[in-house]
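Consider how the two chains shown below are put together.

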Amino acid sequence: MNRLSIGDRTMMLVFYVSIGLFSILCVLPMWIALMASFTNELELIRSGYGLWIRSFDLTAYKLIFTGTGSVYRAYGVTVLTTIAGVVLTVFLTSSFAYPLSVKSLKYRNRLSFFCYITMVFNGGLVPTYILTTRFLHLQDTLWVLIIPAALNGFNVFLMKNYFATLPEALAESAKIDGASEIYIYFKIILPLSMPILATIALFAAIGYWNEWFRVLLFINDKELFTLQFLIMRLQQQAEFLNSSLSASARAALGGQTIPTIGIRVATAMVSIGPIILLYPFLQKYFIKGLTIGAVKG
Amino acid sequence: MLHEIAKNRYLYLLTVPGIVFLIVFNYLPMVGLYLSFVDYNPMAGLYGMKSEFVGLSNFEFFFGSGDWVAITFNTLYLNALFIVTGLAVQMFMAIGLNEVAGNRFKKLAQSFMFLPNFLSWTVVSIFSIAVFSTDTGVVNAVLTALGLEPINFYQDASKWPLILVLLKLWKGVGFGTVIYLATLAGMDQEMFEAAKIDGASRFQSILYLTLPMLKTTTILLLILLVGGIFYGDFGMIFALIGDNPLLRPTTDVIDTYVYRALRMNNDIGMSSAVGLFQAFVGFILVVSVNGITRKIEKDSALF
């Protein structure tokens, strides 16, 4: 390699250091939380969070897994809504986006426009809330966590762009051979679209797994809480309890699990477990999918 | 028209579920914008549709309350900070990753940087406490070890624009960097070879060749982001700050304000009015910025 100038070498140093530092910082908080989840509660209160486990203790995890069962329920809800949601999203998005990419379809631009408008303008929180609760009666059901999130203009945009890159000759020659449009879609187009379908499925899966806002708005039944909402609630309860409640009031709260630091951190770890385990796989696909979309878009 | 639909009936059939979905979940709520102009009474007529028309008084209530200045400022200010710092850092990281050698370093760095993107803000708030908490947080532990005064982050509103920007960067940079990297990967290498032969340093090549190449992507991203500048990141702020009134002066955005009005006071009228305000202004912004871009740099425009 040629000798780089002083300016260039400084620049490279800056790059290496910043990227290195930033990367470590990205993972550090999670590491600290992980360490804390395995640390004894009293030790945490006394010395705070740190880089290492000072006093190994599995109590937090034991409490979560043997306790009220709310974590198991939340896991069930989250997994169920994620799977159903991903299937619905992929089906809805691809079936809508494919015709938009067929150049011979006369009204496709109008339909695209119809879809894109929803990306720049919407009714807002209140009308959506009223629609979902008063008209559709979706509150306190599993459906409210699955259906409304399924279709959005951005995903349609990505899929449509991908479908447009598939050669028209494919569909043409199949039609000459007598295949119907539906056959072409299911047996030719979809199998060739695995990359984009996987990407959208991934986007959707992350979204569904992390869902808590819709629970906040539409769900009061604690059987239907998602994992992330559980964490949100633990945070709120902790805040509430840490404010000026007297000792007797706290005692009177009795059976409720008081969210100690350990429990909150451990629950957080448990909620992102699958994401971390699947991460190498997720990451590869995510990046591949984004680059397909970005280069075209 | 019927002839066209009949000819391609199966394709149009495929679009029907999507159309129905969009009508129900996106267009019907738009009808609900009329709620901004009435005094909502759920008892009046079917679903409260006969509620009394009150013109602009819901808007007056919001704008007259005096709060609106602070929360609108917070919303715009925070979003502007997010946009500017986000794009800058993403570009820096992407260019950096493109320049450094060492495949393993690159892959590892990217993996680490991308991870926070997969986390929900609720989990991030747990981490945030681990870092910024007054008695137990890591930052204060370091400060105390250095002999400095610990900072009471969760009770000091002035620190939070900075903290929010840092957290937003932490969580979002990985994502944007990938987009920029894709653009960089598509660049023509011959240009850089020629520049090197002409004696340009790497730094100069980046300044004069790489950056202009990224202009298109940046403008596209800017248009999309500016359209949302009146929408606060509710998920982020609510998860990180919750109901802490001490931090409201600098972190309360339009969306959290409206949420509180809706849940605490059940103020349907004002909440819809503000929602309409956001949607309307956002729409105008996207169209204008797109229009301006069309005049200057036709290729970058969205439509």
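How many helices and strands does chain A have? Chain A has 15 helices and zero strands. The model is a predicted one. For the complex, the predictor reports an ipTM of 0.83 and a pTM of 0.85. In chain B the average pLDDT is 85, and 95% of the residues score at least 70.

Chain A has 297 residues, of which 38% are buried. Its contacts between residues at least 6 apart in sequence include 74% that join residues at least 24 apart.

The contact between the chains takes 82 residues from chain A and 72 residues from chain B. On the chain A side, the helices that each supply at least two residues include α1 (6-37), α4 (70-101) and α15 (261-296). Helix α1(A) gives the most to this side, with 19 residues. By class, the side of chain A that touches chain B has 56 nonpolar, 20 polar and six charged residues.

The largest nonpolar core has 139 residues, and A33(A), I126(B) and A130(B) touch the most other members. Helix α8 (residues 160-185) of chain B gives the most to this core, with 12 residues.

Leaving aside residues up to four places away in sequence, A33(A) touches V265(A), A268(A) and M269(A) in chain A, and I126(B), F127(B) and A130(B) in chain B.

Conventions: Residues numbered from 1 in each chain as written. Chains lettered and ligands numbered in written order. Predicted model: local features only at pLDDT ≥ 70, side-chain atom pairs only at ≥ 80, totals over all residues. pLDDT = per-residue confidence, 0-100. Helix = DSSP H or I, 4+ residues; strand = E, 2+ residues; numbered from the N terminus. Buried ≥ 20, exposed ≤ 12 C-beta atoms within 10 Å, placed from the backbone. Contact = placed C-beta atoms within 7 Å. Nonpolar A, V, L, I, M, F, W, Y, C, P; charged D, E, K, R; others polar. Core = buried A, V, L, I, M, F, W, Y, C linked by C-beta atoms within 7 Å.
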